[in-house]
Amino acid sequence: MILIVAPEAEAVAAVLALHGWDCRIAADVGTHARATPELVICCVEGSAGARVAYPLVPIVALADAGWIAAEEAQARACDDVVDRARLHDDLALIVADWMHAERLALLDRLAAAFGEANIATLLDGLKNTLEAALRETDDAMLAADAHRIAGLAGTLGFARLGRQWLCVAHGQRPITPATRRATAHALATIGLMK
């Protein structure tokens with residue numbers, strides 16, 4: 001279930017309904033007391049409150065292009081950002097990257113194309129590497145493994161995770177809480193595999 005807490009919640013829900021995703025609209029994150037959502041979509045100004053309410057749930061923030069261009073997303077509590085002006089073009093693609101069912105369907109297609117045993121071996125390698133990365137506290141050690149993580153993640157359809165770790169590997173960004181959350185989210189997806 002996707003929780004939407006934003007002024008443009010109706011428009012967001014309409015876009016996501018086209019893809020069959022279950023959405024709930026709330027006035028604020030505090031008024032939603034049901035099951036933990038798989039994803040929260042909020043305005044960028046509300047991302048800190050959403051992070052407090054849902055510390056481990058991916059948060060996609062809606063923002064203006066100028067804010068996004070300044071790359072402030074890494075300094076905020078959100079995990080991804082959608083330009084409000086491109087809502088209809090970009091929202092579903094970004095949301096799909098965070099939905100477990102979408103990743104699982106892609107992994108099934110990869111297994112059908114390349115063989116279940118081959119994909120299982122790669123997934124096991126990614127799982128072990130990600131678990132080690134979450135345990136590691138030394139950023140220098142993590143940076144040394146970042147390119148391997150990026151490659152495995154990208155190969156297995158975790159494109160956003162791969163790009164985050166590639167930025168770490170190239171020294172463009174330190175390991176952020178968002179990178180750690182994305183890593184934990186990928187592990188949760190892998191844990192759902194049959």
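Strand E3 (residues 39-43) and E4 run parallel and are joined by four bridges. Val40 has Ile59 as its bridge partner in E4. Before going further, a word on ground rules: this is a predicted model, where local features need pLDDT of at least 70, side-chain atom pairs count only at pLDDT 80 or more, and totals for chains, interfaces and linings use all residues. Residues are numbered from 1 along each chain as its sequence is written, and side-chain values use heavy atoms, with hydrogens and water left out.

**The sheet**

Helices (H or I, at least four residues) and strands (E, at least two) are DSSP runs numbered from the N terminus, and two strands pair if DSSP finds at least two bridges between them. On that basis, five strands make an open sheet with parallel pairing, in the order E2-E1-E3-E4-E5. Strand E2 (23-25) and E5 sit at the edges, each pairing on one side only. Ignoring direction, neighbouring strands of this sheet are turned by 25° against each other on average; the axes behind that angle are lines fitted to C-alpha atoms (for helices over the stretch in contact), and angles run from 0 to 180 degrees between N-to-C directions.

Next along is the pairing of strand E4 (residues 59-63) with E5, again parallel and over four bridges. Val60 is bridged to Asp80 in E5, and Ala61 to Val81 in E5.

In a regular strand the side chains alternate between the two faces of the sheet. In E4, Ile59, Ala61 and Ala63 point one way while Val60 and Leu62 point the other, and all are buried, buried being under 20% relative accessible area, exposed over 50% and partly exposed in between (1.4 Å probe, protein chains only).

**Cysteines**

With a disulfide taken as a pair of cysteine sulfur atoms within 2.5 Å, the count comes to zero. Here is how two of the cysteines look:

| Cysteine | Nearest cysteine sulfur | Distance | Relative accessibility |
|---|---|---|---|
| Cys78 | Cys42 | 7.3 Å | 2% |
| Cys167 | Cys78 | 15 Å | 17% |

Both Cys78 and Cys167 count as buried.

**The cavity**

A cavity here is a set of points, on a 1 Å grid over the protein atoms alone, where a 1.4 Å probe fits but cannot get out; lining residues have an atom within 4 Å of a point. Searching the whole structure turns up one cavity of 30 Å³ or more. The largest cavity holds about 110 Å³ of space, the volume being the space filled by probe spheres set on grid points joined across faces, edges and corners.

Its lining includes Asp97, Trp98, Arg103, Phe158 and His185. Helix H4 (87-98), helix H8 (159-169) and helix H9 (177-191) each supply at least two lining residues, and H9 gives the largest share, with four. By type, the lining divides into six nonpolar, three polar and three charged residues; Ala, Val, Leu, Ile, Met, Phe, Trp, Tyr, Cys and Pro count as nonpolar, Asp, Glu, Lys and Arg as charged, and the others, Gly among them, as polar.

H9 also contains Pro177, which is exposed at 56% relative accessibility. Pro177 and Gln164 are 13 residues apart in sequence, and their C-alpha atoms are 11 Å apart in space.

Note on methods
On a 1 Å grid over the protein atoms alone, a cavity is a set of points where a 1.4 Å probe fits but cannot get out, and a pocket is an open set with protein on both sides within 12 Å along at least five of seven lines; lining residues have an atom within 4 Å of a point.
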